[in-house]
Amino acid sequence: MPKISVIVPVYKAEKYIEACTAAILEQTESDLELLLVDDGSPDESGAICDKLAQTDARIRVIHKPNGGASSARNRGLDAATGKYVMFCDSDDRPHADWCKELLAAMEAGGADLCVCGFSCVKDGKTVRQSVIASNDGKPVDTDLWTLFEIRQLNTPWNKIFLRSVLEAHHLRFDETMTDGEDQYFNLRYLQHSGQRIRILPKALYYYTEDNAQSVTSRFIPQMWEQKKKSFGLLHDLIFSKAEKTAYEGAFYDSYVDAIMRVLRNNMSAGNPISTRRKIKMNTQILRDPVCIEATKKCACKSVPKRLIRMMKLRSYLPIYLTGRLT
């Protein structure tokens with residue numbers, strides 16, 4: 001049994017998959033298996049994966065009909081045999097010590113989850129980094145709220161998971177979700193583990209920014225229901241172990257931020273319905289009891305008070321007319 005199973009969903013990745021695979025096979029922790037999951041890619045990705053598998057016995061290729069990244073990751077989880085599981089996207093690159101350092105920090109601290117920082121790369125250049133600070137550069141223990149607050153809860157690829165926890169509770173990515181599915185997976189994992197979280201203050205993953213689709217035109221159906229699902233679980237996990245007064249204002253600030261993203265999403269050019277129906281859709285969201293609670297309890301530190309007052313009118317029309325969320 002390998003120490004680590006690295007799962008890579010592959011779709012339209014013929015330009016990247018060879019470099020990604022090389023970076024994983026060249027890890028300083030070599031006791032791993034690499035699961036390349038060809039998600040019904042219409043280009044040469046699947047054939048390239050098969051050729052790569054002939055060069056290294058640690059590579060296993062899985063071909064499946066197209067179902068999306070969550071579906072591909074789930075197929076990889078079904079086939080994984082390692083003690084630990086890690087994920088990598090096919091157009092990204094891990095640092096050579098990505099596996100080794102996350103594994104060492106995980107085992108040394110007896111953690112359930114270990115998280116590292118990452119670099120965002122555009123046109124071959126690092127444009128920004130997300131690295132958690134540490135006084136001595138060594139791994140530090142943290143809690144779920146801190147992980148959420150520093151925005152390290154949203155991705156699976158800068159983390160190492162215990163496969164025993166995943167299998168004991170048959171934890172998989174929710175294939176019905178098209179927004180926030182990665183965060184929801186991480187939350188469900190922590191829900192069923194001891195929530196012993198360690199942070200490694202190093203950027204060990206290089207994330208390639210994808211600007212192929214404009215965020216102003218992309219429309220995500222059912223985004224509000226998906227946000228409620230994820231934030232509902234986050235609320236339960238955080239406040240089951242913490243005083244509500246300590247984090248409540250900041251939590252609902254984040255919730256209101258998410259609501260505003262939903263309102264913008266519904267008004268996007270990619271939503272095919274009429275403007276009148278979009279306004280009605282957003283008015284229904286503002287009248288949802290969850291939204292009402294969020295606007296009542298938020299601390300108004302990251303959201304303008306004027307906007308909160310407009311949201312409390314429970315009608316999207318005034319907001320639309322002022323152009324604040326369009």
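Reader: Which residue lies over the face of Phe173?

Author: Happy to start there, with a note that this is a predicted model, in which local features need pLDDT of at least 70 and side-chain atom pairs count only at pLDDT 80 or more, while totals for chains, interfaces and linings use all residues. Residues are numbered from 1 along each chain as its sequence is written, and side-chain values use heavy atoms, with hydrogens and water left out. A charge sits over a ring if NZ of Lys or CZ of Arg is within 6 Å of the ring centre and within 35 degrees of the ring normal. At 5.3 Å from the ring centre of Phe173, the residue is Arg73.

Reader: How many aromatic pairs does a search of the whole structure find?

Author: Rings of Phe, Tyr and Trp (its six-membered ring) pair if their centres lie within 6.5 Å; planes under 30 degrees apart count as stacked, over 60 as edge-to-face and the rest as tilted. Searched over the whole structure, the number of aromatic pairs comes to 20.

Reader: Why is the pair of Phe87 and Phe185 edge-to-face?

Author: The ring centres are 6.1 Å apart. Because the planes stand at 90°, the pair is edge-to-face.

Reader: How many residues apart in sequence are the parts that Phe87 and Phe185 tie together?

Author: Helices (H or I, at least four residues) and strands (E, at least two) are DSSP runs, numbered from the N terminus. Phe87 belongs to strand S4 (residues 84–87) and Phe185 to helix H7 (residues 181–191). The pair therefore links parts whose separation in sequence is 98 residues.

Reader: Are Phe251 and Tyr255 buried or exposed?

Author: These two form an edge-to-face pair, 6.0 Å centre to centre with 85° between the planes. They are four residues apart in helix H9 (residues 244–266), so about one helical turn separates them. Buried means under 20% relative accessible area, exposed over 50%, and partly exposed in between (1.4 Å probe, protein chains only). Phe251 and Tyr255 are both buried.

Reader: Which residues does Ile150 touch, not counting residues up to four places away in sequence?

Author: Ile150 sits in the loop between helix H5 (144–149) and strand S9 (159–162). With a relative accessible area of 30%, Ile150 is partly exposed. Contact means heavy atoms within 4.5 Å, and the residues touched by Ile150 are Ile132 and Ile199.

Reader: What is the relative accessible area of Gly137?

Author: Gly137 is in the loop between strand S7 (125–130) and strand S8 (140–142). Neighbours within four places in sequence aside, Gly137 contacts Pro201 and Lys202. Gly137 is partly exposed, because its relative accessible area is 33%.
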